[in-house]
Amino acid sequence: MSLPVLIVGAGPVGLTTANLLVSRDVPVLLVERNATTSDDAKAISLDDESLRTFDTIGLADRVLDIVVPGTGTRYFDRKGRSLFHAGGPWPARLGYPIKNQFAQPELESMLLGALRDHPRADIRFGTELVSLAQEAGQVIACLRSDETNAQVAVSWVLGCDGGRSTVRELTGINMTGVSHEEPWLVVDTTGDTHDQRYGMHHGNPARPTVIVAGRGGRCRYEFLLQPGEGAARSTPDFALITRLLAPYRAITLEQVERATIYTFNSVVADQWRSGRCLLLGDAAHMMPPFAGQGLNSGVRDAANLAWKIAEVWHGRAGEQLLDTYESERRSHAAAMVRFSARLGTVVMTTSKNRARIRDLLVRALLRTARGRRYLTEMRFRPPARHTAGLVLPGGEGLTGTQLPAFQVLVPPGLRSVPVDGVLRQGLSVLGIDVPRESWQRIEDLLRPWAPRRIDVAIGHRLPAQALGGLVDVAVAADRSIDGELAAVRGRFLLVKPDRYIAAVFDAADEVLELLRTRYPVIKEDSMGITGLGHTGFWVDDLATMRDFYHRVLGLTITDEDEERGIVFFSARPAEEHHEFVLQRGRTAPPGAKLTHQVSWRVDSLETILAFHQRFREEGVEVQQEVTHGNAIGIYFFDPEGNRNEVYLRIEKDVRQPFRKTLNLDQDAAGVLAEAQRLLTDGGPNYQAVQ
């Protein structure tokens with residue numbers, strides 16, 4: 001597939017989704033009706049899961065530069081006395097503080113800057129979606145810009161365009177829920193002296209108030225208005241702002257960055273997918289702000305959907321995989337909508353009796369250790385857990401939850417690194433103190449999904465010795481994680497790219513049916529190699545090389561003899577028993593020929609592009625991506641420095657004795673056009689073939 005994915009809406013959710021997709025080599029067309037990103041600081045809180053999502057695409061450090069980390073929330077009773085401080089558990093289970101204050105314009109600017117740096121992103125501001133027409137394998141979208149309409153063909157449409165979503169309207173999807181009538185005044189100010197590194201929720205029934213201090217003298221104030229003080233979507237009077245802020249600070253008109261009166265909605269879209277159109281963020285669900293989970297729920301949507309869209313776009317998985325998006329996300333999003341509304345009615349009640357009962361119950365809970373943990377560690381929030389979709393039915397314990405972000409020791413240096421740095425972008429299988437023979441039993445069964453295999457040692461032990469491409473790690477000193485993983489000792493964890501655990505299992509056949517029905521592989525990672533000569537390499541590390549040619553290039557192992565140190569492979573096992581061989585030892589026997597390069601023939605340009613993406617994901621050393629002779633090819637090195645080439649013949653009557661660098665960061669049509677031009681016209685950036 002070569003058509004881009006259309007993302008409608010360049011708010012935080014749309015920008016996050018776009019960055020996630022281009023990181024997986026999927027082209028995106030991002031359109032936004034406004035002329036630029038928003039100047040309004042609407043969302044102000046990022047949670048630990050959102051920061052972990054940004055970390056997966058290398059943006060966490062840039063986000064941390066613009067947040068106040070580990071803010072938490074302090075709740076005050078009806079008389080203004082402190083009740084408790086909710087800051088989340090420590091150490092942080094997902095690797096980051098559970099609550100982090102930020103300014104939305106700064107976040108959008110950072111995400112847009114990261115996206116502009118990527119060649120797969122086409123960004124168009126001042127452009128709105130007018131209509132959609134779904135066809136076989138594509139969507140025709142009509143876009144309006146500068147009073148001019150233009151039709152574009154796209155592969156998928158992702159509606160990240162907010163509560164008044166055009167995508168949702170055009171697909172005829174309704175929302176179900178309730179609208180809250182109580183108006184709230186929100187004022188974002190500058191020049192503020194609040195220095196508290198936490199939000200403050202004042203539960204005075206006469207005037208429920210929220211105060212959240214930010215960076216650089218910024219501070220947000222939220223007040224529940226009384227009858228006659230203002231109506232939703234009206235412009236608040238400066239005299240009202242001055243009066244409500246008076247107990248906290250003096251204010252000038254220039255110090256008001258934003259002031260608005262609005263009401264809240266607690267609604268969820270009736271469905272999140274219509275054919276090739278899907279909804280994310282506020283387009284799919286809206287909630288009151290009291291739990292700080294509106295934007296974070298949208299980032300969860302993006303993390304869940306982006307990798308699935310990428311797998312389908314690249315032709316590696318069937319569209320059934322996209323059906324798991326709503327089934328995995330809907331229940332938690334709906335629970336968070338209900339929780340946010342309920343939290344508002346309790347914390348921000350206007351009833352004196354309810355406020356008095358609330359304060360008594362909270363103080364009673366604080367008298368017990370369990371009650372203190374429940375409140376201070378924010379255990380009252382609905383846990384994010386997948387109970388349907390790509391998850392093993394009936395799973396218990398860790399199944400459906402996010403993998404804890406523990407530290408691991410990776411040989412040979414044994415430096416402590418986050419486990420996320422070992423997982424990378426695809427499916428992963430973690431074996432928790434499993435025997436080596438258990439790994440060998442699951443290897444071929446799970447090969448179509450090409451999971452990254454990580455052998456985890458727990459109990460303050462060193463990593464095991466490398467075997468056949470396993471990534472060997474040991475859990476760094478961490479009692480809580482060691483104890484949690486001890487409960488699954490001797491078992492495997494199947495971890496999805498969004499870091500959620502799909503299954504805890506003993507044997508691969510337990511998860512095969514789940515993967516085959518929910519994540520059907522269309523183009524297995526044999527990668528489409530169709531031919532090679534009878535040849536091979538003498539190698540030092542047979543296990544690592546065996547894994548490279550089996551897992552990364554997708555060759556079938558047709559025979560092996562561990563005692564002799566030899567492995568036979570074939571790209572066409574039904575036709576050839578062995579076409580390629582690896583033999584341990586650097587000295588060839590008498591009469592044997594030492595090979596210096598192997599060329600692998602493929603039969604489609606899509607396969608070349610798939611290798612381009614695979615090599616990037618696996619960190620394979622690529623020498624050059626070229627067109628030469630009458631072919632398009634990629635020169636690369638295996639783990640021991642042997643040069644390989646994958647190539648596609650494209651023009652039998654053209655012979656060009658020069659190798660020219662080719663840009664594979666474009667769709668198939670663009671690659672072919674550039675190759676044809678270079679082959680026939682010469683073109684720049686060429687060198688004589690060595």
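## Second largest cavity

The lining of the second largest cavity comprises six nonpolar, four polar and five charged residues. Here Ala, Val, Leu, Ile, Met, Phe, Trp, Tyr, Cys and Pro are nonpolar, Asp, Glu, Lys and Arg are charged, and the others, Gly among them, are polar. This cavity has a volume of about 150 Å³. Of its 15 lining residues, Leu20, Arg24, Thr56, Pro497 and Asp498 lie nearest the centre. Two or more lining residues come from each of α2 and α7.

## Basis and terms

The model is predicted: local features need pLDDT of at least 70 and side-chain atom pairs pLDDT 80 or more, while totals for chains, interfaces and linings use all residues. Numbering starts from 1 along each chain as its sequence is written, and side-chain values use heavy atoms, without hydrogens and water.

On a 1 Å grid over the protein atoms alone, a cavity is a set of points where a 1.4 Å probe fits but cannot get out; a pocket is an open set with protein on both sides within 12 Å along at least five of seven lines, and lining residues have an atom within 4 Å of a point. Points are joined across faces, edges and corners, and a volume is the space filled by probe spheres set on them. Helices are DSSP runs (H or I, at least four residues), numbered from the N terminus.

## Largest cavity

α16 (605-618) gives the largest share, three residues.
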